[in-house]
Amino acid sequence: MTVHPEKNQQVARRRRGATIAEEDYEDIASLAEARAAVQGCRRCPLYKDATQAVFGEGPERAEVMFVGEQPGDREDLAGRPFVGPAGRVLDEAVEKVGIDRARVYVTNAVKHFKFTPRGKRRLHQRPDAGEIQACKFWLNLEVGFVRPRVIVALGATAAQSLLGKGVTIGRLRGTPMTLADGTTLFVTNHPSYLLRIRDPEARALEQAKFEADLAMVRDAVASPAGRRH
Ligand code: URA
């Protein structure tokens with residue numbers, strides 16, 4: 001598995017007598033164990049109001065991993081990532097450029113839904129840096145077990161989680177990066193950004209840019225160089 005910078009802190013915590021909320025990497029031996037353990041996560045306060053943690057989904061040895069921000073209202077209720085409107089935009093674009101959706105692992109940087117109640121509605125709130133960092137534990141496990149060849153950060157939160165710092169999507173998109181473990185990282189917009197654009201022409205333009213980014217992902221996956229599985 002990849003080297004994790006948080007490891008020393010976790011070992012120290014364990015020596016002090018960690019709680020069940022502070023599972024160490026070595027206590028979790030598989031993706032299935034991680035999926036079960038995340039329901040007990042207390043690493044940040046977001047578990048208190050969410051219905052459940054939403055773990056990633058897809059083949060255990062997927063070559064491509066898409067990382068979104070956090071589950072939305074629908075995902076929180078269903079317990080599955082990207083099953084709402086943003087997921088539809090993603091699925092359609094993935095299919096259009098010719099990436100086999102069945103071979104893709106989809107997850108989020110943050111596993112619990114963060115929201116503000118407004119009447120009967122729950123309005124999405126962006127996770128903060130502390131929440132993103134706390135939840136990196138779970139994303140690290142997913143990346144470590146799935147070992148994707150290519151990771152796609154959908155939006156600024158996912159990019160921040162994967163790169164460890166705040167970034168501007170416009171500056172990074174279109175150029176693949178190599179992470180410390182050799183994984184290729186692409187950064188693009190979050191599909192919900194497309195849903196928020198009202199002007200049809202502007203939306204079509206952004207949709208085309210999104211699909212162009214995904215076409216680069218398709219080509220990177222198709223290239224024989226650096227196969228990991
Ligand atoms: N937006 C995300 O970032 N992830 C989801 O799972 C759904 C919407």
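I shall begin with the numbering and the origin of the model, and then turn to the sheet.

Residues are numbered from 1 along each chain as its sequence is written. The model is predicted: local features need pLDDT of at least 70, side-chain atom pairs count only at pLDDT 80 or more, and totals for chains, interfaces and linings use all residues.

Five strands form an open sheet with mixed pairing, in the order 2-1-5-7-6. Strands are DSSP runs of E of at least two residues, helices are runs of H or I of at least four, and both are numbered from the N terminus; strands pair if DSSP finds at least two bridges between them. Strand 2 (104-108) and strand 6 (177-178) are at the edges with a single partner strand each, so one side of each has no neighbour in the sheet. Strand 5 (residues 150-154) and strand 7 (residues 184-188) run parallel, joined by five bridges.

Now to the helices. Helix 4 (residues 85-97) packs against helix 9 (residues 200-222) at about 55°, with the axes 9 Å apart; axes are lines fitted to C-alpha atoms, for helices over the stretch in contact, and angles run from 0 to 180 degrees between N-to-C directions.

Finally, the ligand is surrounded by 13 residues, counted where the C-beta atom, placed from the backbone, lies within 6 Å. The closest are Gly68, Glu69, Gly72, Pro81 and Ala86.
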